[in-house]
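Please look at the sequence and the model below before reading on.

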Amino acid sequence: MEAANRRTTESIAAYQQQYPGKLQFVYGSPKYVKPFLVRSIWNDGQFTYIKADATELPALYEVKDGKPALLNFQVHEGTYVVPKVLDKGYLALGKERFDFLQQGR
């Protein structure tokens, strides 16, 4: 049991050490404008994260082949967590829209 706990602890430590190298801030520097108040957008190769200070939750759309598709996401302490890497998308709140795109795409 002790050996298994040690291996688990070592595996977690190795993952935590390597994880920051997986973060990709490829969406540029977003403008901090109302109502979205986006601070940053990044992905880790598996998920897309949008950090925002908005008080009202917007809808999130992915744009593929020029067509928008509404996405589900979770919010944890002001960070929207999308279970996929987005190339292009936008947040929408009423008539307001906040577009984002991976640079180099």
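In what order do the four strands of the open sheet lie? In this predicted model, the order is β4-β3-β7-β8, and the pairing is antiparallel. The edges are formed by β4 (67-71) and β8 (96-101), each of which pairs on one side only. From one strand to the next, the twist averages 30°.

In general terms, strands of a sheet pair through backbone hydrogen bonds, either parallel or antiparallel. The table lists the pairings of this sheet, with a pair of opposite residues for each.

| Strands | Bridges | Direction | Opposite residues |
|---|---|---|---|
| β3 and β4 | Five bridges | antiparallel | Val63 and Pro68 |
| β3 and β7 | Four bridges | antiparallel | Glu62 and Gly89 |

Strand β3 covers residues 59-64, and strand β7 covers residues 88-93. Because five of the six residues of β7 are buried, this strand is largely enclosed by the rest of the structure. Strands β7 and β8 also form a hairpin with two residues between them, where Gly94 takes a positive phi near 65°.

The C-alpha atom of Val33 is separated by 8.9 Å from that of Phe98, although the two residues are 65 residues apart along the chain.

Terms used:
Residues are numbered from 1 along each chain as its sequence is written. This is a predicted model: local features need pLDDT of at least 70, side-chain atom pairs count only at pLDDT 80 or more; totals for chains, interfaces and linings use all residues. Side-chain values use heavy atoms; hydrogens and water are left out. Two strands pair if DSSP finds at least two bridges between them. Axes are lines fitted to C-alpha atoms, for helices over the stretch in contact, and angles run from 0 to 180 degrees between N-to-C directions. Buried means under 20% relative accessible area, exposed over 50%, partly exposed in between (1.4 Å probe, protein chains only).
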